[in-house]
Amino acid sequence: RATTSYTGFKVAFSATGIPVVPGDHTSYGTFKANFMVADTSDVQSVYVPFDSFSYDWSPYTGNCDTLDPTGVQHHCCSADDDYYYCPTAVYLSAITGFELWAEGVEGDFHVEVLEIAASDAPNAKA
């Protein structure tokens, strides 16, 4: 649940061997994706498909479709790039960390997390 209308939430996971983004402020790579939480006090489920994650995200915005001020163009997970920036079964089987971010969008935010799970599809048990 969230009590503000914030649009900069992101979820990320790390795994051994994920490439580090140029200019990143961490020493390890992560796959990152945007997600939305409705402004409500009701508990809600949020589904983030694995094909919405990319390891090539901007350290300026957290988004994968950004051209940084340094001239670096980032890429999302897509067929256009032969799914090069997408999570693979190897990475998904070796997750070492999990992160929630509020970045790239100015404003107040508040989110409460009750449970985190991974599954193949919405409403599937992890």
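**View 1. C76 is partly exposed, with a relative accessible area of 26%, and bonds to C64.** Here, buried means under 20% relative accessible area, exposed means over 50%, and partly exposed lies in between (1.4 Å probe, protein chains only). Helices (H or I, at least four residues) and strands (E, at least two) are DSSP runs, numbered from the N terminus.

A note before you look further: this is a predicted model, where local features need pLDDT of at least 70 and side-chain atom pairs count only at pLDDT 80 or more, while totals for chains, interfaces and linings use all residues. Residues are numbered from 1 along each chain as its sequence is written, and side-chain values use heavy atoms, leaving out hydrogens and water.

**View 2. C77 and C86 form a disulfide.** Their sulfur atoms are 1.8 Å apart. Both cysteines are buried, and their link is right-handed, with 95° about the S-S bond. The whole structure holds 2 disulfides. Count the bonded cysteines in sequence order and you get the pairing 1-2, 3-4.

**View 3. I116 lies in the segment after β3 (95-102).** I116 is partly exposed, at 47% relative accessible area.

How values were computed. Disulfide = S-S within 2.5 Å.
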